[in-house]
Amino acid sequence: DATVGRVMAACRQEIALRIRRPLHIEPLDFSRNDVPGIADPRGMGAQTLGVRFGIVTVERGALERLNAAAKGAGLAVSGVACAAAASGFAALTQDELDLGATVVDIGAQVTGVASFRHNRLRSVHCISIGGATMTRDLASAMDVSFDEAEAIKTAPQGAGVSADPSVLGGAGPGEATMVLTGVIRPRVEEMFELVRAVLPPGEPRPVILTGGGSRMRGMVEAGGAVLGRRVRLGRAIRARGAPQKTLGPEFAAVHGLLAHAVRLHC
């Protein structure tokens, strides 16, 4: 353990990125005598020992703006974590963490894609499409306000599109349904095609949807059709004692952040 700790500490000291700041530095595997791919080198003799890290970074300017916003709200920042990674640690089962799975965290402005395997974070990608992108498209197509479009988008099947036609930019219920489908579906398919492009190659592994955008009806089915993988809706499964209403996919990142904060202070 001491030897592994020294190697990891030495490698971390070499990570001095000036433009970007590391958020997560995870050991992926080790090399022994230049032979890579060793999950745990303890108990093995070696002339040389190396470690391969996965590093998630963020632009320093963006992080400084986030810190300033938190400070303006009267908060102190003790740590930062990637939302998709936090959602994964909260919503994935132990088998999914070990055997491999990908979390697609659909936020308002950005969709995060975090892949896990062997109980470690393997990769992170961000896609500049989120739930608010779809709402703006819908608001423009139906000539309604952003809030009205959001209410229509998130309404249960059949609800929200039967309102007074004046609320729908003059569209009747049937026409509103057609607009809703015609505007949202292409954007959802575009988002999942971008997700598919960054999924780890090889054996198809399950995809778990989290974030507020995953609540929109038809997301699981659309994800399965475009990605060609098993897709399910995630929920926080490691939050003992939390109220049931806070365990949905829209709260997965929050529960993951809380767990991350606990780990930082243990």
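Predicted model: local features only at pLDDT ≥ 70, side-chain atom pairs only at ≥ 80, totals over all residues.
Helix α9 supplies the largest share of the lining of the largest pocket, namely six residues.

The space inside the largest pocket comes to about 980 Å³. Its lining is made up of 38 residues, and those closest to the centre are Leu66, Val80, Ala81, Cys82 and Ala83. Which elements give two or more residues to that lining? They are the strands β1 (20–32), β3 (49–59), β5 (111–117) and β6 (120–127), together with the helices α2 (60–72), α3 (83–91) and α9 (252–264). By residue type, the lining holds 25 nonpolar, ten polar and three charged residues. As for how such a space is found, rolling a probe the size of a water molecule over the atoms shows where empty space is left.

After α2 comes glycine 74, whose phi is positive, near 80°.

Is glycine 37 buried or exposed? Its relative accessible area is 56%, and because a value over 50% counts as exposed, glycine 37 is exposed. Leaving aside residues up to four places away in sequence, glycine 37 touches Asp29 and Phe30. Valine 51 is 14 residues from glycine 37 along the chain, and their C-alpha atoms are separated by 9.5 Å.

The second residue is threonine 181, which is found in helix α7, residues 173–198. Its relative accessibility is 34%, which lies between the limits of 20% and 50%, and therefore threonine 181 counts as partly exposed. Lysine 153 is 28 residues away from threonine 181 in sequence, while the distance between their C-alpha atoms is 9.7 Å.

Finally, let us consider the chain as a whole. How many helices and strands does the chain have? There are nine helices and eight strands. The chain has 266 residues, of which 38% count as buried. Among the contacts between residues at least 6 apart in sequence, 59% join residues at least 24 apart. The chain exposes about 14,600 Å², and carbon and sulfur atoms supply 55% of that area.

Conventions: Residues numbered from 1 in each chain as written. Heavy atoms only, no water. Buried < 20%, exposed > 50% of the residue type's maximum accessible area, 1.4 Å probe, protein only. Contact = heavy atoms within 4.5 Å. 1 Å grid on protein atoms, 1.4 Å probe; cavity = no way out; pocket = protein on both sides within 12 Å on 5 of 7 lines; lining within 4 Å. Points joined across faces, edges and corners; volume = space filled by probe spheres on them. Helix = DSSP H or I, 4+ residues; strand = E, 2+ residues; numbered from the N terminus. Nonpolar A, V, L, I, M, F, W, Y, C, P; charged D, E, K, R; others polar. Areas by Shrake-Rupley, 256 points an atom, 1.4 Å probe, with all protein chains shown as cover.
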